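Here is a short briefing on one protein model. Look through the sequence and the 3D view, then read the points below.

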Amino acid sequence: MKAVCWYGKHDIRVMDVPEPEILNARDAIIKVTTTAICGSDLHLYNGVMPTMEKGDILGHEFMGEVVEVGKEITNLKKGDKVVVPFTIACGDCFFCKKEIWSGCDNSNPNPSVTQEMYGFTPSGLFGYTHMMGGFAGGQAEYVRVPYADVGPIKVPDHLDDEKVIFLSDIYPTGYQGAENCDIQEGDTIAVWGCGPVGQFAIKSAKMLGADKVFAIDHYKERLDLAVEENENVIPINFDDKDVYEQLKDQTGGHGPDACIDAVGLEAHGKTADAIYDYVKTNMYLATDRIHALRQAINCCRKGGTVSIPGVYGGYADKFNIGAAFGKGLTMKMGQTNMMKYLKPLLKSIEEEKIDPSFVISHELNIDEAANAYDKFNTDKNQWRKVVLKP
Ligand SMILES: [Zn+2]
Ligand SMILES: [Zn+2]
């Protein structure tokens, strides 16, 4: 079968690889009908996430048709149309039972790396490094889904793939980012990063009762989209304006009630701390560029919340813990607890409260994956979100 494989920094190849097989009684094999490239795939493309190996199959956002199930799978049958969440969870462990699905204790078969770095290991992820389990991803014609009785959600045949594919990651991820802000009716929220996750965080903040939302980015098309898609969104282009001053001026001097960092470890910026991050990460003296997070902490009002749906991987330098402590901030973060959101968010799509396909800018054949990764990485104005058809 065809699959999008990682061969090193900026080296993506579409290869012929063996088709996956059922290995365990709770597996399913999915014939992929639509898959997407995620902003977090670019961390792999740019070679900043450790424990990738040449030939690894990429992709954690995918959906398709069930073609085979293991003997313990009773909830799915051949022909079902499903979306598969990007985290893998067993459904039976201490953490799964508490709905801390991204903390599943059983789904990551390579716990040693993260055990050492993080103290404990997070759940397995599709197509996302060997420290996250080394599972083959879904940017391929077929994919093996472990614990298929827990993750995949059946979607009605009449809903187009484009409307439901983003239940696999970015819609729930943006939603959890907003939900973690504990939004009260009329709150003011600021969102750093208006890529796809930021767009869903903005829409979700609105659905949860936010009044004014500040959208912060330096790509004009992304800011325009946030303004077009929502009411009362105020764009701030950080190339033109001082973010802190803008937010202070427009919130009566307080700062926003909650700040969402939808950027993560490869933040861009022009301030001294952002340049310092570039230098240190380029010299391998730091792992994560945390400029957006520092700014979110500095801008948030006293007693407010900083929510982090953006991905971080290692250690943060010049982390302004003093500001966070001094203002009494609440910080919430983490991989999305996907299985908590799949049903309610599918319902929101069925009830036409949201049509997630608004983020798609390009739909291409999987053969064009290498070009799509390159363009998505370098031309963020035009290449907002890419879906691939195997
Ligand atoms: Zn993703
Ligand atoms: Zn579990």
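A residue is called buried under 20% relative accessible area, exposed over 50%, and partly exposed in between, using a 1.4 Å probe and protein chains only. By that rule Phe94 counts as exposed, because its relative accessibility is 54%. This is a predicted model, in which local features need pLDDT of at least 70, side-chain atom pairs count only at pLDDT 80 or more, and totals for chains, interfaces and linings use all residues. Residues are numbered from 1 along each chain as its sequence is written, chains are lettered from A and ligands numbered from 1 in the order in which they are written, and side-chain values use heavy atoms, leaving out hydrogens and water.

**Zinc ion (ligand 1)**

- Cys38 (SG), His60 (NE2), Glu61 (OE) and Asp169 (OD) coordinate this ion at 1.8 to 2.2 Å. Donors are N, O and S atoms within 2.8 Å of the metal (3.2 Å for Na, K and Ca); water is not among the atoms, so sites may look incomplete.
- The four donor atoms around the zinc ion (ligand 1) subtend angles of 90 to 133 degrees, so the arrangement is tetrahedral.
- Along the chain, the donors of the zinc ion (ligand 1) follow the spacing C-x21-H-E-x107-D.
- His60 sits in the loop between β4 (56-57) and β5 (61-69), and Asp169 in the loop between α4 (161-164) and α5 (170-179); the pair links parts of the chain 109 residues apart. Helices (H or I, at least four residues) and strands (E, at least two) are DSSP runs, numbered from the N terminus.
- Both His60 and Asp169 are buried.

**Zinc ion (ligand 2)**

- Four cysteines hold this ion through SG at 2.3 to 2.4 Å: Cys90, Cys93, Cys96 and Cys104.
- Angles of 102 to 117 degrees between the four donor atoms make the arrangement around the zinc ion (ligand 2) tetrahedral.
- The ideal angle for four tetrahedral donors is 109.5 degrees.
- The donor residues of the zinc ion (ligand 2) are spaced C-x2-C-x2-C-x7-C in sequence.
- Cys90 lies in the loop between β7 (87-88) and α2 (94-97), and Cys104 in the loop between α2 and α3 (112-118), so the pair ties together parts 14 residues apart in sequence.
- Cys90 and Cys104 are both buried.

**Aromatic rings**

- The structure holds eight aromatic pairs. Rings of Phe, Tyr and Trp (its six-membered ring) pair if their centres lie within 6.5 Å; planes under 30 degrees apart count as stacked, over 60 as edge-to-face and the rest as tilted.
- Tyr45 and Tyr373 form a tilted pair, because their ring centres are 5.5 Å apart and their planes at 35 degrees.
- Tyr45 belongs to helix α1 (residues 39-45) and Tyr373 to helix α13 (residues 369-378), so the pair ties together parts 328 residues apart in sequence. Both Tyr45 and Tyr373 are buried.
- Phe94 and Phe95 pair edge-to-face, 4.9 Å centre to centre with 80 degrees between the planes. Phe95 is partly exposed, at a relative accessible area of 26%.
- Phe166, Tyr171, Phe200 and Phe358 form one aromatic cluster.

**Strands**

- An open sheet of six strands runs in the order β13-β12-β11-β14-β15-β16, with parallel pairing. Two strands pair if DSSP finds at least two bridges between them.
- The edge strands, β13 (233-237) and β16 (330-333), each pair on one side only.
- Three bridges join the parallel strands β14 (residues 258-261) and β15 (residues 305-308). Ile260 has Ser307 in β15 as its bridge partner.

Methods:
Tetrahedral: all angles 85-135°; square planar, octahedral: opposite > 155°, others 65-115°.
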